[in-house]
Amino acid sequence: MGTDSIIPETRVLAIASHCELRYVGNKMATFVMQSLGCDVSAINTVHYSNHTAYKQVKGTKTSAEEIVNLYEGLRQSNLTDFDVLLTGYVPSAQAVQAIGKIGRDIKFNAGTKPGSFFWVLDPVMGDNGKLYIPEDEVPEYKALLREADLILPNQFEAELLSNTPITDLKSLAAAIQVLHKTYQVPHVIITSLRLTRDNHTISSRAPSKPASTAGSGTHTPSDTQHLDAAISHPSAWPISLPSKQPETPQINLDDIENLTIIGSTATSDFKPRLFRIDTPQLPLFFSGTGDMFAALTTPRLIEAVQAVPELSSKPSWRSPDDVPAEELPLAKAVQKVLASMQSILGQTTETCHAKMAAYDARAAKEGRGDAEADEESAKKRHLALMNASEVKVVRYVKELIDPPDLERFKPRAVEEGKKVPKEVGERKPDELEVTHLGVGPEKRGAVQVTEGGEGEGKLADGLQRGVELKDVDSDVLRAEKSEDDIEEKS
């Protein structure tokens, strides 16, 4: 390990979007992780000229076949000994399946050494009650959950994956327990929650306060802005949507000054250990912040795990049950992540305001005025604003490596995690005594038939013992066998 690196030598495969301009998707993730000492290989799921907040874009999406072909090229040269897989936006259900096969292949190859492979899955699906991917991708994402070690959904995505509406900390704790227990995800971080003073969540379908101008310091993009999960993580999108929303209770969003991140590492019986960190809500729209969060979390979690003797050799780096929520390596990692991001985004906000003030002064001098009735003038101002608000992460390496004001982002335990009933998230057999195991898609994945149960007789006609695995992809079975071997050896 180099003397200036915070982590051991770590090979990361990042599969996400790519834009030629500035820093979103893999372009953001690669730079951030390399700055903290990771050796990063990238497979891009889209190739765009710029992110779509500019309202104009050129480029192509990567097919599932092309993604697999690129990985096979690495494998044929023995270049797939990755320690970490980081996956972000994926444009199709077939591509999600392809990434599942890639993840299982890497996991299988690392199967003889517990803790030697870790999968960070950012299930980029949508926000504000609306999907930004084809609907058939959702069950494919659910099929991947049991493969992942850490998932990073926003509130809307967590509701989709857990089938649990999140209205307060109690229901949020229940949703996380479902993810822990039903899908056996060891680590969960829910990003960008908006909590009222009495700890109720703002609905993921709720409207936001209206936009105002950049010069005032409270700008969000115009109502006609096109949102695309390919190159702008939904957690970074403005909270409002242009389409009409269902009526919701009147909420004064001006009272919400913070965004809250809540994370959890499961106990041995898959109960949540919840911690929270509140961050000031900044008055600008940024692209690439979700990608920055995921990319920073990867090395910072490795750093925190390495500080605990023998934890890095445990499957999924899961801490013993006696470690409290606020002392979890995941909590310590997120603390540093948010300290870095808040500093970088705060400075970006100041730079943007200065640039837009200068732009507006020039526009007024040229006679365009504040009204900007001219459509061409409005377009030029929007493009200038998008450019001014770009997160130029290459200018902030110091903040990435040495996050300031750490105490300001100290994690706190969330007691609601201890109050979730034990049965929440438990898998129960259906009327035929068949239990879906959470491996593979519903109705096509692995199931278990209760031996001696009433359903066994009903299924016996024409079926052999082992029916529970007949429809499962061979890669799934191989990965499951690898997990069982690990548990026996550890």
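Visitor: Why is serine 192 called partly exposed?
Guide: Buried means under 20% relative accessible area, exposed means over 50%, and partly exposed is in between, with a 1.4 Å probe and protein chains only. Serine 192 has 22% relative accessibility, so it counts as partly exposed. It is found in strand β9, residues 187–193.

Visitor: What makes asparagine 163 exposed?
Guide: Its relative accessibility is 59%, so asparagine 163 counts as exposed. It lies in the loop between α5 (155–162) and α6 (169–181). Helices (H or I, at least four residues) and strands (E, at least two) are DSSP runs, numbered from the N terminus.

Visitor: Why is α5 described as largely enclosed?
Guide: Of the 8 residues of α5, 7 are buried, so the helix is largely enclosed by the rest of the structure. The buried ones are Gln155, Phe156, Glu157, Ala158, Glu159, Leu161 and Ser162. They pack against β6 (126–127), β7 (130–131), α4 (137–144), α6 and β9.

Visitor: Which residue caps the N-terminal end of α5?
Guide: Asparagine 154 does, with a side-chain oxygen 3.1 Å from the backbone nitrogen of phenylalanine 156.

Visitor: Why is asparagine 26 called buried?
Guide: Its relative accessible area is 3%, so asparagine 26 is buried. It sits in helix α1, residues 25–35. Contact means heavy atoms within 4.5 Å. Leaving aside neighbours within four places in sequence, asparagine 26 is in contact with Ala14, Ile15, Ala16, Ser17, Ala42, Ile43 and Asn44.

Visitor: What joins the side chains of asparagine 26 and asparagine 44?
Guide: A polar contact of 3.0 Å joins them. A polar contact is a pair of N or O atoms within 3.5 Å; within protein, one must be able to donate a hydrogen and the other to accept it, and residues adjacent in sequence count only if both atoms are side-chain atoms.

Visitor: What is the largest nonpolar core?
Guide: A nonpolar core is a set of buried Ala, Val, Leu, Ile, Met, Phe, Trp, Tyr and Cys residues joined through side-chain atoms within 4.5 Å. The largest has 59 residues, and Met33 and Phe293 have the most contacts inside it. Its largest share, 13 residues, comes from helix α8 (residues 329–365).

Visitor: How many disulfides are there?
Guide: A disulfide is a pair of cysteine sulfur atoms within 2.5 Å. By this rule the count comes to 0. Cysteine 19 is at 0% relative accessibility, so it counts as buried.

Visitor: How confident is the prediction?
Guide: pLDDT is the predictor's confidence in each residue, from 0 to 100. The protein chain averages 81, and 74% of the residues score at least 70. Over residues 462–472 pLDDT stays under 50, as over residues 476–490. Where pLDDT is low, the predicted coordinates should not be read in detail.

Key:
Residues are numbered from 1 along each chain as its sequence is written. This is a predicted model: local features need pLDDT of at least 70, side-chain atom pairs count only at pLDDT 80 or more; totals for chains, interfaces and linings use all residues. Side-chain values use heavy atoms; hydrogens and water are left out.
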